[in-house]
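Biologist: Pick one packing contact in this model and walk me through it up close, please. After that, tell me about the other local spots that deserve a look.

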Amino acid sequence: MARTVAVLSVCVISAMIVVDAKIGFVKDLSMDATFPPPVFRPDPSIPEGHLRPLGWQRRPDGPVRSEREMPNTREFYSDYVDKSIPVVFRNGVTEAPAFTLWEKDEYLMSKYGKQNVTVTVKVMRHRDEVHTAPQVMTLKKFMYNYLYEEWYLASTIPPALMAELPVPKCLRCGTISRSLQEAELWVSSGGTSSRLHSHDDHNLHCVFFGRRDFILIDNQFRNNFAFIHDYEGSLSGHSRLNMEIINSFKYKNIIMTPWIWSTLYPGDCIFIPAGYLHQVRSYGRSISLTVKFAPSTSFDDNGCKLIEEEFLPLTEASFTWTFTEGRRHLSNSQLNAETLKNLLLLQMGTRHSLSRDKFRHFYQASMASGSEHPPADEVFAMLAGEGKQELGRLQLISLADDLLLAVAAIFNSAQPGYRQHATLHEEF
């Protein structure tokens with residue numbers, strides 16, 4: 001008996017050493033899930049897919065359109081972006097150091113482990129709903145735990161990680177290259193399931209490792225899912241429902257909601273137009289990249305003839321948002337009249353005006369938490385006029401430089417780079 005206990009103790013100690021003292025069971029990393037799922041009714045008195053994941057309630061209306069390769073930027077804009085047509089590009093990205101260097105967690109932990117990232121933690125499930133909370137932690141802490149915990153990394157990419165990730169071919173030039181909002185990194189293990197959500201911006205999602213299944217639903221059906229808008233009139237938001245346990249009795253319209261699907265593997269990219277609802281399931285050790293870009297009213301080819309490299313790192317692109325000092329903030333901490341005007345035009349997208357609610361949402365995201373700054377409505381009134389609900393495109397373009405500079409100073413004061421710049425200036 002004593003010998004048996006001793007052997008078991010050695011085995012337990014050995015297992016702990018292998019996982020570097022992390023106790024628990026590694027999640028299932030298999031990637032053989034059936035998708036789209038089968039649809040059947042085990043009992044005629046129970047609606048299809050009751051208490052099953054999203055997608056079990058009715059058969060899909062077909063796969064997302066698929067192309068064998070990624071087009072150039074002009075073709076991408078005219079064929080898909082301008083028409084808001086979802087599409088998958090098979091082998092859309094093939095050349096990037098990340099495909100080889102990021103194959104092992106050890107490399108990421110040793111080179112980038114001290115970088116802060118945003119991690120989504122599932123904190124509570126309650127009947128039909130699931131609640132999550134974002135946490136900022138080091139990449140090393142995340143990778144030490146993500147094989148065991150119900151965590152997934154969903155973060156604006158810190159600049160240090162960008163050199164080994166690519167700018168996809170279709171985003172490299174012209175109007176689109178000047179409309180890039182942010183680049184996000186997604187990392188997970190085992191089977192994970194996202195919320196059903198949408199964005200104000202277009203996004204291109206590319207997979208480097210693992211498998212990702214996508215459900216896409218047209219924006220007109222968002223009210224079928226108890227959808228919460230990010231602000232009044234927005235295309236962005238999320239469903240509060242738990243996508244793994246759909247109550248088909250309570251949410252009867254889900255059974256009648258059409259959807260399309262796609263499965264992505266390493267190298268594949270999917271374009272999801274602004275406003276399109278999408279839900280994502282990941283399998284295995286999954287690493288992928290999302291690049292968001294603002295909708296635009298037209299396209300020009302400026303700079304497109306100069307892009308010939310097979311691999312162009314993300315460090316060569318300019319984004320509205322970045323992630324440093326543990327938070328997401330504006331990349332430009334020295335806005336002037338012209339750059340602020342361009343920034344607000346990007347927030348306007350294809351609309352003729354910028355609403356007060358959209359400005360408030362953007363302004364609050366730009367301000368440092370806990371910092372002292374004027375209320376959003378007060379700043380909007382400086383631009384649009386007292387009591388106005390909209391700032392027109394032509395009105396914005398014609399604003400005086402001194403007014404724009406005053407508003408730019410408010411934005412700049414909340415950015416980390418601006419504070420560092422001011423400190424250095426004072427030292428001299």
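Predicted model: local features only at pLDDT ≥ 70, side-chain atom pairs only at ≥ 80, totals over all residues.

**Two helices and some local spots**

Modeller: Let's start with the side that α7 brings, Leu343, Leu344 and Gln347, which meets Lys358, Phe359 and Phe362 of α8; contact here means heavy atoms within 4.5 Å. Numbering runs from 1 along each chain as its sequence is written, and side-chain values use heavy atoms, with hydrogens and water left out.

Now the geometry. α7 covers residues 337-348 and α8 covers 356-366, and they pack at about 120° with axes 11 Å apart (axes are lines fitted to C-alpha atoms over the stretch in contact, and angles run from 0 to 180 degrees between N-to-C directions). That makes α7 oblique to α8, since under 35 degrees is roughly parallel, over 145 roughly antiparallel, 65 to 115 roughly perpendicular and the rest oblique. The α7 and α8 crossing is right-handed, which is to say the near helix is turned clockwise from the far one by less than a right angle.

Elsewhere, Ser177 sits in α6, residues 174-177. Its side chain reaches the backbone oxygen of Gly174 at 2.8 Å. Leaving out residues up to four places away in sequence, Ser177 touches Leu171, Arg172 and Ser318.

Phe35 and Pro36 are joined by a cis peptide bond, omega about -5°, and Pro36 is in the loop between α1 (2-18) and β1 (66-67). Asn91, in the loop between β2 (87-89) and α3 (98-101), has a positive phi near 55° without being a glycine. Glu325 isn't a glycine either, yet its phi is positive at about 55°; its loop runs between β15 (321-324) and β16 (327-330). With 51% relative accessibility, Glu325 counts as exposed (exposed is over 50%, buried under 20%, partly exposed in between, with a 1.4 Å probe and protein chains only).

As for the whole chain, there are 12 helices and 18 strands, taken as DSSP runs (H or I of at least four residues, E of at least two), numbered from the N terminus. Buried residues are 50% of the 428. Among contacts with a separation of 6 or more, 80% link residues 24 or more positions apart.

Conventions. Polar contact = N/O pair within 3.5 Å; in protein donor to acceptor, adjacent residues only side chain to side chain.
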